[in-house]
Amino acid sequence: MPPDYQLLGHLNAQFPCRELQIRSLATLLQPTAPSPSCLVVHGTEAVGKSAIVQALLEGLEIPHALISSRECITGRHLLEHTLAACTTVIAPSDPESAGSTRCESLNTLQVCLQRLLQTQDKFVLVFDGIDRQREAYSSLIPALMRMGETVPALIVLLIVSSPSPRIFHSTGVPHIHFPSYVKEELIRILSLSPLPIWEEPPDTDYDPETATEESAWVWTRFCSAVWDTIAKGAARDLNSFRDVCERLWRPFVAPIVSGSYGTRDFSRLLVAKRTLFQGEEALINNMLVAEESQAIKAVEIGNHELPYYSKLLLCAAYLASYNSPRQDQIYFVKSSDKKRKRRGGAQAGTKPTKHRKIPRSMLAPSPFPLDRLLAILHALTPHPLPQTSDLLTQLTTLVSLRLILRAGTSGSDVLDGTTKWRINCSSDYVVALGRAVGVEMRDYLADN
Amino acid sequence: MEHQKTYLYAPDSSRPTKRGRTEAPEWELQSSWKMREETCHRLWSEQQKRIQKVLDDANSDTLSDILDFLEKVEHQRQRSKIPCGFILAGSSVTTQTSFFNQLSEKVLASGKNSFASISSGEAPNLKGFLKLLIRRAIAKKDAFDGDDETITTKGRRLLDYDLGVLHEWVKEKEIQEVVVTFQDGEAFDASLLADVLELTHLWSNRIPFVVLIGLATSVENLHRRLPQSIVRVLQGRQFDIVQAEVLLERLYCCSMIDSEPSLCIGPRLGTAILERIRLHTQNPQDFVDELQYAYMTHFFSNGLSVFLSEDLEWGDWAREHVEALRNLPSFRRFAEEKVKYPPSHFSVRQLLDRDDLLFNWARDTVAKSHKTMHLMAEAAKVVHACRSLVGKSNLLLSDLFMEALSGQLHDASHVRELFLTIKRAPSDQLSRLISTLLPLVPDEASTLEQIQEKLDALEAENDSGHPLKSEHDVQNQTLRATVVARRVELSKLKASLSKADAEYTDILLQFHEWLEGYLSDLLIDPEDVLLSEITIYDRKAPHKLAFEPKPRHAIERALFAPHDYLNCDCCPVGTGPDSEGTLSFTQPPTSILYQLHLESGPLINVSDLFSAFRAIMDEEAEEKQILYLFQRALAELKYLGMVKSTRKKTDHIAKVSWRGL
């Protein structure tokens, strides 16, 4: 039976470049024809899976319920949520029935669904992102897939990111793949909603229609340029590609707004603004709103800082994590004469060792006992430091800020003398801290 | 007891052998204790009020910024973004907590918002977090008393961690914003934080969430920990709450300088307190605690502090106090000084003979001493104001005041430098100086006003457009090099000064002279101030003991000299210089073993250790019993982290720590 061409045309206009997927889904879910009891839609992030499924179901006017696993905290939450959603779709006039039923297990859900769907001839239950469900039962996905076999009217549609027969425990399930968009498709999609060049109507030669037209023309070429330079390697999905484009758009068209370039001088503009495409700043997501972050940079002098001894403690912890205990004597014993052998094997005449080890700074930080940390701290401080509870308090503060971690199982006894600790911050941060308190970390690190 | 990690120590009612005094002896300074206690409470509560006001006002700017942000955020909400405020609050937990409490009050005040503040310790996992979030946001407890984990709203039964509960409630009450606050953002598990942010993002189209995250270090640190997908949806703004050091300075100024404090913290203690807080904790609350402790110690330990009470009357209690007064070093110096001049013999004699006269004299002198301290604070403020006006603000007012208290401010090099700079000041700077100083020095206003008038008159005549210059300004001088007999001579030449400039220099010198006289009058050594023993408290030792305990040291000392703590009869009470550290079998076994381990090298042979231990123990004891004791003692040392087993050598243990770690 042919699918409804009008609907397909509408959907294709709404979601370009997905004709094949829309057509297969529409065929499989046709209201008048029998459908498979289970269906899997898969594809990576931002390829239109959920949106298309939802739009199609609404268009076909099949009763359905969409359950997003990301909103469900536990497996039980998912089940309760599913039942509630089905009830609201099928019997909205009778909320009491939903209120009185509990749904603590898959069995209950099945029984409830059987009762609910007795009168229905087709009902689609969509589980979005079910493979990412938190605290899921191991049997959750296989059980949901088979639920359509026992409940006649039910079609279960699973949306997952990558299908694997292992998670389904069954074969022969129809899969519909949503492939990632390629360059042409991405640009076509983005061209549907071009950003305007002028934020307010331009005062000069462009009337509104021409302005929109010109914007669209520049935008399409701009998107293509962004893809070829930056996004191809680092922002390949629709969302991040769009983010990068939007971030670069304003600085890119600034010369057009100011009037120094015309809209059709695209290639010249591209050359003039080439630095935008050479840097990687556009790829970095910033949590602070752009103009805000610059204002803050200016007043950053008065930053909140850790107390002096906390900084020293962090430096000591870093050294304890990244130096091996055997080298402590070389670096920290003050009485040894000044000609320290820095950088281990740098003596003349020795040939480089054959087996090359990964430098410690590239490995994960190693755990150290508390007494070693305190010993290094004493060696770092330029003046005698009495061992007061203040130091231990600061250590606790640093642990609660997760700058230092307790290694090993978190539940172990704090009073246990053998508890080990580990640094949890980057070398740049520690080196900057060290400079602030007058400790040059490079002098003490075994390899860098 | 052995199977518990900690236990509650319940002392039996019998008093310990080392008796403390329980009742006040009648003849001693103790008799005024009641009065002193009252005075202490009264003075401290005044001080506390001032401090509390500063603490309350400290973050008003940031608070209003955040409230403003919350108000506007509704209109600026971008598609699929969570509005988010990063509050940089420093590492001190107390500051954070009090700040968030204030914030919560303000946010809830409008009645259209809901506020849920959660700290990391309360919510170990996502489920717990959401439960707490919903409970706090709704701020209603009775809705959760139902049977199990479900809540029924409008006929729908929802789990108590389902944000749908919150959704229903928001719809019903027409709440404009639900503010979710992570009090200590860094202390949260990064994955939990990411999960919660993801959920708020998903629900933000139904529930108007705003997220506030308290941070101790920087936004970058958080940025590194969160996954990119979360970072992408945050639309953040940064807020700073006032830094601990700034607040500390404000607290010090309000408690010591701005008001007329009845008890002054001396320079040594003051420096120690400020330094400890700056270097170690950065917690302004610590300052309040230490100040209160200073009040308590002073009034408790110093009987004469009773003279700080305002409504003091001559009574029986006073006799011993007056006698103690006569023994004060500052009084003695005063008396000796007076005796040198015959005319004042009589008055000194009277003070020494007549108690009631001395009593009245002391009350007046304490008041005078207060006045002196106040003027000294005023002088420190003048120096500070001058320094900041001539563009040097590297010294804090608290530092300057402490220098003044130690009697060193007047001769300090930076003050000399200040005078030189003032001598070169142009006229506009001088008039600014005078107008700043006028409100600071009410007693000297007339002199300053005269100078100001003259200056104004002179400036009115000056129509050159430039400020008048001082004769001592280096810019007026040029260096000229002349070659005389093959030698280069450098000579300074003064540019010709106009008549107005010369007149201005006169005025400037007048001001300079006044300032010099003013400062040298006020900045005297507080040790010379009569009865400064009563008005200044400057003892570091009690504070050290109370605020900087040394747990490790205490354990080591107890193990090293158990007799000091046990006070038993069995252990020999040594009376020589080398009485300490004598080993005897009556001491606790752990203590013996500890002392033995101190004497040995980094690797200890256990067998040798045991033979040394056996040699000390009671000869009559059984070998087996000694072995038990030895093993237990060794286990305890291991638990305390003094020794550990080693694989370097068989039958050896390694010494882990050194004394005083």
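Which residues of helix 11 of chain B are buried? In this predicted model, the buried set is made up of Pro284(B), Asp286(B), Phe287(B), Val288(B), Glu290(B), Leu291(B), Ala294(B), Tyr295(B), Thr297(B), His298(B) and Phe299(B). The helix itself runs over residues 284–301 and has 18 residues. From its first C-alpha to its last, helix 11 of chain B reaches 26 Å, close to the 26 Å expected at 1.5 Å a residue.

The N-terminal end of helix 11 of chain B is capped by Asn283(B). Here a side-chain oxygen of Asn283(B) lies 3.0 Å from the backbone nitrogen of Gln285(B). Are the two partners buried or exposed? Asp286(B) is buried, with a relative accessible area of 14%, and Arg276(B) is buried as well, with a relative accessible area of 9%.

Salt bridges turn up elsewhere too, and the structure holds 31 of them over all chains. The general idea is simple: side chains of opposite charge can pair when their charged atoms come close. In chain A, Arg76(A) forms a salt bridge with Glu104(A), and the closest N and O atoms are 3.5 Å apart. Arg76(A) sits in helix 4 (residues 75–90) of chain A, while Glu104(A) sits in the loop between helix 5 (95–100) and helix 6 (106–116), so the pair ties together parts that are 28 residues apart in sequence. Arg76(A) counts as buried at 14% relative accessibility, whereas Glu104(A) is partly exposed, with a relative accessible area of 36%.

Another salt bridge of chain A joins the side chains of Glu440(A) and Arg435(A), at 3.1 Å from N to O. In this pair, Glu440(A) counts as partly exposed at 29% relative accessibility, and Arg435(A) counts as exposed at 52%. There is also a network of salt bridges, which links Arg70(A) and Arg134(A) with Asp195(B) and Glu198(B).

Leaving aside residues up to four places away in sequence, Phe307(B) touches Leu312(B), His321(B), Leu325(B), Phe359(B), Ala362(B), Arg363(B), Val366(B) and Ile534(B).

Finally, what does chain B look like as a whole? Chain B has 27 helices and 14 strands, and 47% of its 661 residues count as buried. Among contacts in chain B between residues at least 6 apart in sequence, 74% join residues at least 24 apart. Chain B exposes about 34,600 Å², of which carbon and sulfur atoms supply 51%.

Note on methods
Residues numbered from 1 in each chain as written. Chains lettered and ligands numbered in written order. Predicted model: local features only at pLDDT ≥ 70, side-chain atom pairs only at ≥ 80, totals over all residues. Heavy atoms only, no water. Helix = DSSP H or I, 4+ residues; strand = E, 2+ residues; numbered from the N terminus. Expected span 1.5 Å × (residues − 1). Buried < 20%, exposed > 50% of the residue type's maximum accessible area, 1.4 Å probe, protein only. Polar contact = N/O pair within 3.5 Å; in protein donor to acceptor, adjacent residues only side chain to side chain. Salt bridge = Lys/Arg side-chain N within 4 Å of Asp/Glu carboxyl O. Contact = heavy atoms within 4.5 Å. Areas by Shrake-Rupley, 256 points an atom, 1.4 Å probe, with all protein chains shown as cover.
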